[in-house]
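Today I'm just looking things up and jotting down what I find.

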Amino acid sequence: MKNAPTRIVVSGYYGCGNTGDEAVLAGIMESFRQMAGDSSCDFTVLSAKPDETQKLHGTNAVQRMDRAARQHALAGANLFLSGGGSLLQDTTSLRSLLYYLWVIREANARRVPVVYYAHGIGPLKRGVSRFLTKIVTNRAALVTVRDEESAKLLQEIGVNKPRIVVTADPAFVLRPCDAIRTDELLSAAGVAPGEKLIGFAIRTWPGFDGDVWRQVSELIADEGYTPLFIPMQPPGDLELSLAAAGTVGRVVKGTFTASEAIGLISRCDALVAMRLHALIFGAVVSVPLIGAAYDPKVASLMKLLGQNSQCFDLVELSPQRLLGEVRSTLMHATQITDGLSHIAEGLSRRALENASLALAEAK
């Protein structure tokens, strides 16, 4: 008799229009598919827009703020995944942290095994944030984190009961869309065949408005490259990208999947990114990277990728300095590409380990 599929509930920042978080979900589902098979797992995703999540990922989804829907999803579930990304932090807001901890608590109350899936923990600036994270996390069955810094922070705040394993972000298992689709997206953005591209994945941040990035675009264009802006979270990233592109750059408009973003980045000679998952996408296709670190997670990732020298605190960057970094990166592109290819391959294997470890905890 055929075994029933493992019923898995996934919580995260899904259905909110962030390409990085949708990449986390896509990576989770692909990892389970590779480790357990296509029909071995039955997912229900807690989403801000369930219809969009169902369409994008081909999985069941319920409204994440609907307590009754959450309880129904948890009833009979074999596993609960707190699904990766930077969920447990209080920089965005304390309210966000409290939501994710509360949903984990609901799973605990239902006696559903809780697995933290490739989390990036912190920053946790408030004492109450550290205390509550410690209390809730110590009831988890297993914690996997995407970097050593996250593991150290959990240990610092007193998490000592569940096993903590350093793995890798689920997005490392993803691959680019096909070449035909990539060509379609580039054509829609106004990119002509044969144009040399420098990719940008930027976000709003104090002191770095459209005027600053427009200066960067003009300097890049003077070097014979077309700046290609890939907005990872509209509308904010899109509005900034349109302002930054000016008359010389191109902007990818409309919605696109993580695999489509990877396809776009694969056509770039280098990528300048504030967005963490844009950097991961670049690593997947071995595109030379320049990380503009507005948050410690960006520096942690670039360290993991062996690209410390190509990562800079955002406040240290000026248009002229950034141009210099782009020149240097292009000059050493072959060496950088070779190193990224080797490291990303290892991180893809570690990303798959998340699913293997999680499945072992299912009831």
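Predicted model: local features only at pLDDT ≥ 70, side-chain atom pairs only at ≥ 80, totals over all residues.

**Entry 1: a pair in H1.** I started with Glu30 and Arg33, which sit 3 residues apart in helix H1 (residues 19-36), so about one helical turn separates them. I checked their side chains, and they meet in a salt bridge, 2.7 Å from N to O. I then searched the whole structure and got 15 salt bridges.

Entry 2: Next I traced an open sheet of 7 strands, and I wrote down its order as S3-S2-S1-S4-S5-S6-S7, with parallel pairing. At the edges I found strand S3 (60-63) and strand S7 (163-166), each pairing on one side only. Neighbouring strands here are turned by 20° against each other on average, ignoring direction. I zoomed in on strand S1 (residues 6-11) and strand S2 (residues 41-47), which pair in the parallel sense over 6 bridges. Which residue in S2 is the bridge partner of Ile8? I looked, and Phe43 is the one. I also spotted helix H6 (residues 148-156) lying across strand S5 (114-119), strand S6 (142-145) and S7, and running at about 160° to S7.

**Entry 3: the largest pocket.** I looked up the largest pocket and noted about 870 Å³ of space. It has 35 lining residues, and the closest to its centre are Tyr13, Gln89, Thr92, Arg203 and Lys297. H1, helix H4 (94-109), helix H9 (236-245), H11 and H12 each give two or more residues to that lining. H4 gives the most, with 4 residues. Sorting the lining by class, I got 11 nonpolar, 14 polar and 10 charged residues.

**Entry 4: the second largest pocket.** This one holds about 620 Å³ of space. Out of 24 lining residues, Glu22, Leu56, Thr255, Phe256 and Thr257 are the closest to its centre. H2 has the largest share, 5 residues.

Methods
Residues numbered from 1 in each chain as written. Heavy atoms only, no water. Pairing = 2+ DSSP bridges. Axes fitted to C-alpha atoms, helices over the stretch in contact; angles between N-to-C directions. Contact = heavy atoms within 4.5 Å. Salt bridge = Lys/Arg side-chain N within 4 Å of Asp/Glu carboxyl O. 1 Å grid on protein atoms, 1.4 Å probe; cavity = no way out; pocket = protein on both sides within 12 Å on 5 of 7 lines; lining within 4 Å. Points joined across faces, edges and corners; volume = space filled by probe spheres on them. Nonpolar A, V, L, I, M, F, W, Y, C, P; charged D, E, K, R; others polar.
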